[in-house]
Amino acid sequence: MAVISSSSSSSSPSDNRDYGEGNDRAAARGKAPGALRSGIRSVDDDDDEARPALEKARDASDPPRGLIIHTHMGDVRIHFTPELAGESSIRYVADVVMAAAARQNNGMGYGTAKTMNGRKVTEGFMCQRCKFYRAEKKLLLQGVVAEESSVPRGKVTLGPCPDPNFVPKSKCPAHDPNCGCHGPVMTRGMVGWAGGGGGPDFFINTFAKPVDWWENQHTVWGEIRDEKSLKVVESTYDLRAHTSGMRMLDEEIEFSLELF
């Protein structure tokens with residue numbers, strides 16, 4: 001059975017941005033968070049050390065290696081896995097971070113990120129819909145990452161199938177009637193799009209053994225490789241939650257984002 005994705009709002013038209021363009025440079029001048037990889041700090045365009053800003057994240061010759069999710073419970077460091085997901089999932093996540101940074105640079109953002117219960121997140125960029133809302137004990141933490149006003153999700157391509165002879169063994173869910181093969185059998189620490197789809201809902205798998213009952217249904221765009229990050233994820237299982245088919249957190253965990 002695949003992980004069920006929550007419904008998402010309709011996306012807006014693409015702004016056709018390219019990593020090689022510096023079209024956010026003027027907006028970032030003098031008042032904004034610096035490099036996406038260094039959290040929140042002011043930037044002087046003449047400062048060679050600070051200059052990697054948005055342009056560096058867009059530079060195809062120096063693509064981001066991963067994503068840091070900042071929460072009031074700690075940081076979760078995710079290494080991108082384009083070899084498993086393809087490039088479109090990575091580009092989508094990076095575009096969400098850049099859109100959040102650009103909005104904050106323009107004075108239209110949230111400034112220092114705050115969670116819904118008032119706890120402060122002091123690093124990264126706060127996007128429009130970035131939160132964890134579902135925590136299945138010893139199995140997964142699920143959330144959403146979206147900038148729906150500026151980053152459409154329609155161009156995300158599902159991951160390639162690692163098995164050319166794949167035949168689904170389980171009964172296919174309604175949202176994925178052909179039980180598509182979109183990635184590997186997930187192991188502890190892997191991060192994938194929920195519900196066999198292409199986002200914006202995603203989940204982090206923490207199950208101790210390979211989750212073979214999900215088969216190959218999920219596009220795996222990232223992997224947590226350090227135990228400290230995994231402990232932060234697993235700490236959410238102790239939070240209060242209610243069950244209505246799925247185990248939903250009583251208080252959703254909003255987070256900010258940073259590329260590295």
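Select strand β6 (residues 140-146) together with β8: the two run antiparallel and are joined by 5 bridges. Strands here are DSSP runs of E with at least two residues, helices are runs of H or I with at least four residues, and both are numbered from the N terminus; two strands pair if DSSP finds at least two bridges between them. The model is a predicted one, in which local features need pLDDT of at least 70 and side-chain atom pairs count only at pLDDT 80 or more, while totals for chains, interfaces and linings use all residues. Residues are numbered from 1 along each chain as its sequence is written, and side-chain values use heavy atoms, with hydrogens and water left out.

Within this pair, pick G143, whose bridge partner in β8 is F202.

Now select β8 alone, residues 201-205. Because 5 of its 5 residues are buried, β8 is largely enclosed by the rest of the structure. Buried means under 20% relative accessible area, exposed means over 50%, and partly exposed is in between (1.4 Å probe, protein chains only). In a regular strand, side chains alternate between the two faces of the sheet. Colour D201, F203 and N205 for one side of β8 and F202 and I204 for the other; both faces are covered.

Move to helix α5 (residues 227-235) and select S229, L230, V232 and V233, which are buried. They span an arc of only 155° around the axis, so they are on the same side of α5; the arc is taken from the directions from the helix axis to the C-beta atoms. Turn to the other side of α5 to find K228 and K231 exposed. The cover over the buried residues includes β1 (66-71), β2 (74-80), β6 and β8, with contact meaning heavy atoms within 4.5 Å.

Last, show the cysteines. The structure holds 2 disulfides, each a pair of cysteine sulfur atoms within 2.5 Å.

- C127 and C130: the sulfur atoms are 1.6 Å apart. The torsion about the S-S bond is about 115°, so this disulfide is right-handed. Both cysteines are buried.
- C161 and C181: the sulfur atoms are 2.1 Å apart, and the link is right-handed, with 85° about the S-S bond. Both C161 and C181 lie in the loop between β6 and β7, so the pair ties together parts 20 residues apart in sequence. C161 is partly exposed at 34% relative accessible area, whereas C181 counts as buried at 12%.
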